Amino acid sequence: MKELVFITFVFLASLTQAQEKMLSKQNMQDYTPEEIAQLQTKQLTLDLDLDESQQKQVEQLHLENAKARKEKQELRRNENKGKASKKEWTKEEKLQMKNDMLDKQIEMKKKMKEILNEDQYAKWEKMSKEKKEHRKKRMHNKKKASMNEQKNN
């Protein structure tokens with residue numbers, strides 16, 4: 001009996017945690033590009049000890065990126081309205097998207113290198129790599145869970 005209560009408790013705790021993650025993602029989507037840029041800049045200021053001039057430049061850069069992301073989200077959302085399933089991308093579309101993403105990353109690195117001093121830039125690079133690895137791990141776990149779910153069905 002105790003085991004059943006314990007298992008139920010663990011299940012409910014994990015369910016609650018999953019819902020909280022979903023809500024935080026949805027809440028981030030509700031922010032305006034200006035609010036997102038401001039939050040990102042403040043976090044970077046804390047992490048890298050940016051001066052006021054750097055903060056203004058970084059916030060402008062974050063604002064441009066946030067606006068571009070919002071526009072892309074809206075475009076994709078409008079394209080997918082009324083469609084039952086997600087669009088399958090062609091090889092050329094995937095290649096173009098990957099190239100665009102890499103171009104943006106290169107541009108971001110160039111601009112950040114101009115704004116930050118050497119120590120700040122090195123720390124920013126390290127943080128970027130850690131975030132990238134974390135995203136890769138998370139995506140890998142999602143794929144793994146999806147494959148397991150498909151096997152069970």
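Figure 1. What lies over the buried residues of α5 includes α2, α3 (52–80) and α4 (91–115). The model shown here, as in the other figures, is predicted. The buried residues of α5 are Gln120, Tyr121, Trp124, Glu125 and Met127. An α-helix has 3.6 residues a turn, so residues three or four places apart point the same way.

**Figure 2. The whole chain is built from helices, without strands.** There are five helices and zero strands in the chain. Read along the sequence, the pattern is α-α-α-α-α. Of the 153 residues in the chain, 16% are buried. Taking contacts between residues at least 6 apart in sequence, 63% join residues at least 24 apart.

Figure 3. Helix α5 covers residues 118–152. It has 35 residues, and the distance from its first C-alpha to its last is 51 Å. This is close to the 51 Å expected at 1.5 Å a residue. At the start of α5, a side-chain oxygen of Asn117 comes to within 3.1 Å of the backbone nitrogen of Asp119.

**Figure 4. Helix α2 crosses helix α5.** Two packed helices are described by the angle between their axes and the distance between the axes. Here the axes of α2 (residues 33–48) and α5 (residues 118–152) come within 10 Å and cross at roughly 115 degrees. The crossing is right-handed.

**Figure 5. Residues where α2 meets α5.** On the α2 side, the residues are Leu44, Asp47 and Leu48. On the α5 side, they are Gln120, Lys123, Trp124 and Met127. Sorted by class, this contact has four nonpolar, one polar and two charged residues. Three of the α5 residues named here, Gln120, Trp124 and Met127, are also listed among the buried residues of that helix.

Figure 6. Gln120 is found in helix α5. Is this residue buried or exposed? Gln120 is buried because its relative accessible area is 7%, and the cut-off for buried is under 20%. Leaving aside neighbours within four places in sequence, Gln120 is in contact with Leu48, Asp49, Leu50 and Gln54. The side chains of Gln120 and Gln54 are joined by a polar contact of 2.7 Å. Leu48, another residue in contact with Gln120, belongs to α2.

Technical notes. Residues are numbered from 1 along each chain as its sequence is written. This is a predicted model: local features need pLDDT of at least 70, side-chain atom pairs count only at pLDDT 80 or more; totals for chains, interfaces and linings use all residues. Side-chain values use heavy atoms; hydrogens and water are left out. Axes are lines fitted to C-alpha atoms, for helices over the stretch in contact, and angles run from 0 to 180 degrees between N-to-C directions. Helices (H or I, at least four residues) and strands (E, at least two) are DSSP runs, numbered from the N terminus. A crossing is left-handed if the near helix is turned anticlockwise from the far one by less than a right angle, and right-handed if clockwise. Contact means heavy atoms within 4.5 Å. Ala, Val, Leu, Ile, Met, Phe, Trp, Tyr, Cys and Pro count as nonpolar, Asp, Glu, Lys and Arg as charged, and the others, Gly among them, as polar. The expected span of a helix is 1.5 Å times one less than its number of residues. Buried means under 20% relative accessible area, exposed over 50%, partly exposed in between (1.4 Å probe, protein chains only). A polar contact is a pair of N or O atoms within 3.5 Å; within protein, one must be able to donate a hydrogen and the other to accept it, and residues adjacent in sequence count only if both atoms are side-chain atoms.
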